[in-house]
Amino acid sequence: MKKVLLLTVLFLASAVTYAGGYRVSLQGNKALAMGHTGVAVINSSELVFFNPAGLVYLENKLSVSVGAHGVLADVSYQNSATGDTAMTEAGLSTPFYAYVSYQATDWLAFGLGIYTPYGSTVAYEDDWGGSHLVNNIALQAIFVQPSVSIKITDKFSVGGGPIYATGAVNFNKNLTRTLADLDGNRSEVTLDQTGISNWGWTASAMLKASESLTVGVNYRSEIILSAEDGDATFENIPNSPLTPFADTTFNADLPLPAELTMGLSYKHNDFLFAFDYNMTYWSVYESLSVDFADELITDTTLLRNYKDASTFRFGVQYEASESFTLRGGYYFDESPVQSGYFAPETPRNDSNGYTAGLTFKVGDRLEIDASFLYLQFNEVDASYDYFVEGSGGPANLINQYSSFGGTYKSSVFVPGLGITYKL
Amino acid sequence: MKNTIKFMIGLLAIGLVSCEPEFENAVTDEGFYDAGDADFSNYVALGNSLTAGYADSALFVSGQEDSYPNIMAQQFSFVGGGDFTQPLTSDNLGGLLLGGVQITGNRLVLSADENGNPFPATLDGAPTTDVLTSASGPFNNMGVPGATSFHLVTPGYGSVAGVANGTANPWYARFATSESSTVLADAVSLNPTFFSLWIGNNDILGYATSGGSGVDQAGNLDPSTYGGNDITDPNVFAAAYSAQVDALVAGGAKGVLLNIPDVTSIPYFTTVPAQSIPLDAATAGAVNAQFAQYNDQILPLLVQFGVITQEEADSRVVNFVEGINYPIIVDNDLTDVSQVLQGPPGNLPEELANLLGQLRQATSDDLIVLPASSVLGSVPDPSNPLGVVGVSIPLENQWVLTTTEQARVAAAGAAYNAVIEGLAAANELGYGDMKSALADVAANGAFYNGGVLTSTYVSGGAFSLDGVHPTPRGYAFTANTIIDVINTTYNASVPKVDIGTYGTVTLHNN
């Protein structure tokens with residue numbers, strides 16, 4: 001039996017947890033190991049994120065889960081018509097989470113979560129072929145979510161709470177495909193803003209349909225992070241009244257889309273099977289519009305035109321022994337990017353996520369959770385067809401679209417480690 | 001526990017396979033692109049300013065980096081191409097020094113006045129590229145600005161001593177391997193496996209840009225007697241050109257020969273309209289009155305006395321109308337009647353006779369050169385507001401390439417191209433029809449990812465501010481055109497470049 005499980009884990013690993021756009025689905029090591037399922041899994045305080053309604057069903061008075069993931073993401077690009085190639089610089093980003101749940105009475109529980117559901121770190125070599133779209137970008141959002149969970153009946157509970165989101169963005173790109181100063185240094189802009197905050201909310205419900213079957217639903221609202229008076233810094237600008245790019249401030253809205261999750265779990269002996277379906281309402285991300293305070297500088301609109309995207313998640317858990325719990329999972333993550341809008345700052349096509357992990361019990365109260373995710377992408381021929389040529393450049397350049405594309409291949413590998421403490 | 005270890009090993013294995021994303025068929029893989037029958041391992045480019053990467057009236061580092069041979073060499077790197085060296089200048093100003101004294105001007109940049117109106121201006125700054133600070137040649141890019149066909153085989157063309165007395169070329173003198181070497185010998189010494197040869201443009205260009213100020217040397221087989229603005233005799237061209245091809249193919253190299261475009265479709269000749277003098281009815285009438293005697297009496301008399309033909313007399317009639325007019329010009333190919341007019345029966349004063357000596361009104365077929373824009377319509381003598389160039393003062397010969405002069409340029413160019421095409425066929429080399437390519441850009445424009453490349457001055461994107469040499473984008477277009485020829489000729493699949501990623505004119509205010 002154990003042999004079979006190992007094979008299963010390996011198979012799953014060669015066959016899917018991460019999400020399209022700049023959604024980073026890494027909100028718990030236990031859940032991630034099971035394909036990032038969890039809306040109907042009563043396991044730990046990771047429920048603060050996955051389904052706060054379920055907190056009231058946790059067995060312990062106090063449950064704490066803390067952890068982080070190391071995201072090793074690479075993207076290769078090539079264009080067979082020109083021979084142009086590029087590869088993102090290897091970098092590590094570390095989304096983290098911390099959840100606490102507290103059982104106040106047998107029908108009421110409270111929770112608090114801090115987690116990082118959105119973010120993106122992509123850095124290409126400066127002045128690479130797509131530098132007019134992005135040289136590098138670092139986007140982070142931290143959510144803080146107090147929650148309440150109320151048992152309505154023994155089998156049905158509801159939960160939810162407000163979300164305070166705070167984010168930061170740093171985005172550097174060249175102004176056009178060609179604009180440069182006297183010595184040929186490419187003209188570029190850096191947009192930087194930290195401490196952008198806004199409020200949202202989450203609401204959820206859980207039904208323990210039978211001893212074995214649990215059903216859950218969770219909704220997290222959209223939060224628009226509005227950068228106001230961020231710093232726009234221009235470099236290598238020609239000394240010319242035709243290119244009036246002076247450092248200024250900017251306003252821009254970055255939407256963190258709403259997400260609806262429905263799912264179920266089924267327990268059979270030492271096994272637990274879980275299925276989650278996510279719908280992420282990406283269609284809110286129509287464009288990244290940057291409004292510069294300096295009236296001489298043309299405002300830019302980078303069309304995104306994302307579509308709502310689904311994710312299908314499957315997970316299995318096996319309690320191998322008193323000490324060990326093994327997990328595996330798979331998910332299919334649909335990209336929100338539509339044909340012709342494949343921008344290299346979020347170079348994500350559809351992907352298969354393969355996950356595995358384990359929990360090792362150290363005594364009665366402490367558990368160590370480990371997980372990993374291998375996100376497999378197929379090569380994709382894709383392009384961004386809506387870059388406005390001559391935007392902000394000399395008036396004699398024709399305002400029309402140019403296309404940037406080729407073949408992209410991404411790989412993402414995410415090891416993760418966390419602890420769970422139960423009292 | 002044993003199973004846990006197995007599990008951890010499984011985890012690790014998965015971690016290892018997931019490293020860098022690799023393509024099934026990477027463009028960097030050997031064999032993705034095909035060199036065909038050519039060997040690009042040692043590419044040498046031979047030519048003039050176009051090959052050197054000259055633009056905006058100067059040779060400077062960033063321009064050289066976007067020379068068409070350098071762009072091609074970068075693409076050759078996918079099919080076995082080796083290093084491609086260039087005699088890079090020392091800065092992005094472009095001026096050349098001889099022993100610390102500046103002998104050529106800095107590059108042109110596109111400046112703008114306070115209203116945003118653009119105009120070309122010479123970049124300020126002290127250049128640092130000195131002819132005496134020799135660059136150590138030879139280089140893979142053997143493009144020498146200003147060189148004609150016969151210059152490439154003229155010993156001493158790179159003599160530093162000769163630069164001061166005007167017999168040698170300062171750009172070549174920077175990197176000539178010796179005082180007596182030739183450009184061709186230096187190029188051949190590199191033992192190229194592949195070459196491009198684009199020479200002959202200057203054999204007609206100087207004549208054209210000087211408005212036909214030089215001499216058509218057809219029939220004169222001694223190029224040492226030629227002036228800088230002369231048209232090279234086609235036999236002199238053929239001898240020099242075939243010597244170059246022979247020397248380049250002697251070692252078994254393959255290559256491509258590029259023909260000579262029609263110079264008259266470049267912005268230097270097409271930007272300033274011939275019809276450019278606005279006059280109201282009263283002024284037109286007043287000016288016409290000044291020319292009444294010339295039109296109605298002098299010209300018929302000259303015909304009557306057999307000095308000029310009726311046809312020439314008809315071409316010399318001056319008539320201004322309300323609206324936009326053609327300027328009056330000096331046409332060296334008209335019969336010079338200044339002496340005749342000073343004699344009887346006219347007995348015109350010398351000044352007037354000289355004014356009328358080779359005078360006519362321009363037509364739509366005459367080409368006004370770019371620098372004439374600052375001359376046309378100007379009033380050279382502020383004390384005489386009636387002395388307007390083009391109206392009462394003829395536009396001098398150097399500002400106009402007349403139809404007669406255009407015909408000489410075209411005839412020579414056609415003769416050169418016949419030689420080039422013949423030698424390409426005889427040696428089974430690629431033949432790049434740059435003439436047709438440029439004519440197509442001028443007539444229809446070339447569509448690319450993000451725009452249309454045209455020959456319109458400044459805004460067309462193909463030509464730099466000197467109106468003669470391409471921009472980096474124009475050079476990229478040139479490189480693609482040549483790569484097409486190479487791929488066809490040698491069954492190769494060298495990838496081309498996206499010309500939209502190459503710049504055009506440089507914006508800068510001093």
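Which loop of chain A does Thr37(A) lie in? Thr37(A) sits in the loop between helix H2 (29-33) and helix H3 (47-50) of chain A. Everything below comes from a predicted model, where local features need pLDDT of at least 70, side-chain atom pairs count only at pLDDT 80 or more, and totals for chains, interfaces and linings use all residues. Residues are numbered from 1 along each chain as its sequence is written, while chains are lettered from A and ligands numbered from 1 in the order in which they are written.

**View 1. Thr37(A) and its surroundings are shown here.** Thr37(A) is buried, with 36 other C-beta atoms within 10 Å. (Buried is 20 or more other C-beta atoms within 10 Å of a residue's own, exposed is 12 or fewer, and partly exposed is in between; C-beta atoms are placed from the backbone.) Setting aside neighbours within four places in sequence, Thr37(A) is in contact with residues including Ala31(A), Gly263(A), Phe275(A), Asp276(A), Arg313(A) and Gly329(A). Contact here asks that the two C-beta atoms, placed from the backbone, lie within 7 Å. Ile224(A) is 187 residues from Thr37(A) in sequence and 26 Å from it in space, C-alpha to C-alpha.

**View 2. Chain A as a whole has three helices and 22 strands.** Its radius of gyration is 23 Å, close to the 22 Å that the globule rule gives for 423 residues, so chain A is as compact as a globular protein of that length. (The radius is taken over C-alpha atoms, and the rule is 2.2 Å times the number of residues to the power 0.38.) Along its principal axes the C-alpha trace spans about 70 × 45 × 30 Å. Buried residues make up 54% of the 423 residues in chain A. Helices (H or I, at least four residues) and strands (E, at least two) are DSSP runs, numbered from the N terminus.

**View 3. Strand S5 (residues 96-103) of chain A is joined by seven bridges to strand S1 (residues 62-69) of chain A.** S1(A) and S5(A) run antiparallel, and Val64(A) has Val100(A) as its bridge partner in S5(A). Seven bridges also join S5(A) to strand S6 (residues 108-123) of chain A, again antiparallel. On that side, Val100(A) has Leu112(A) as its bridge partner in S6(A). S5(A) and S6(A) form a hairpin with four residues between them. Strands pair when DSSP finds at least two bridges between them.

**View 4. Where chain A meets chain B, the contact takes 45 residues from chain A and 42 residues from chain B.** On the chain A side, the elements that give two or more residues include helix H1 (2-14), strand S2 (71-79) and strand S22 (401-422) of chain A. S22(A) gives the largest share, seven residues. The residues of that side divide into 20 nonpolar, 18 polar and seven charged. (Ala, Val, Leu, Ile, Met, Phe, Trp, Tyr, Cys and Pro count as nonpolar, Asp, Glu, Lys and Arg as charged, and the others, Gly among them, as polar.)

**View 5. Chain B is assigned domain 1 (43-270 + 404-501) and domain 2 (277-361 + 367-401).** These bounds come from an automatic or database domain assignment. The centres of the two domains, taken over C-alpha atoms, are 38 Å apart. Their contact takes 14 residues from domain 1 of chain B and ten residues from domain 2 of chain B. Helix H8 (202-209), helix H10 (267-270) and helix H15 (403-426) of chain B each supply at least two residues of the domain 1 side. That side divides into four nonpolar, nine polar and one charged. The C-alpha atoms of chain B fill a box of roughly 120 × 50 × 45 Å along the principal axes.

**View 6. An open sheet of five strands in chain B has the order S7-S1-S8-S9-S16, with parallel pairing.** Strand S7 (141-143) and strand S16 (430-432) of chain B stand at the edges with a single partner strand each, so one side of each is left without a neighbour in the sheet. Three bridges join strand S9 (residues 254-258) of chain B to S16(B), and Val256(B) has Gly430(B) as its bridge partner there.

**View 7. Leu110(B) lies in strand S4 (residues 108-112) of chain B.** Leu110(B) is buried, with 23 other C-beta atoms within 10 Å. Not counting residues up to four places away in sequence, Leu110(B) touches residues including Pro118(B), Val458(B), Leu465(B) and Leu507(B).
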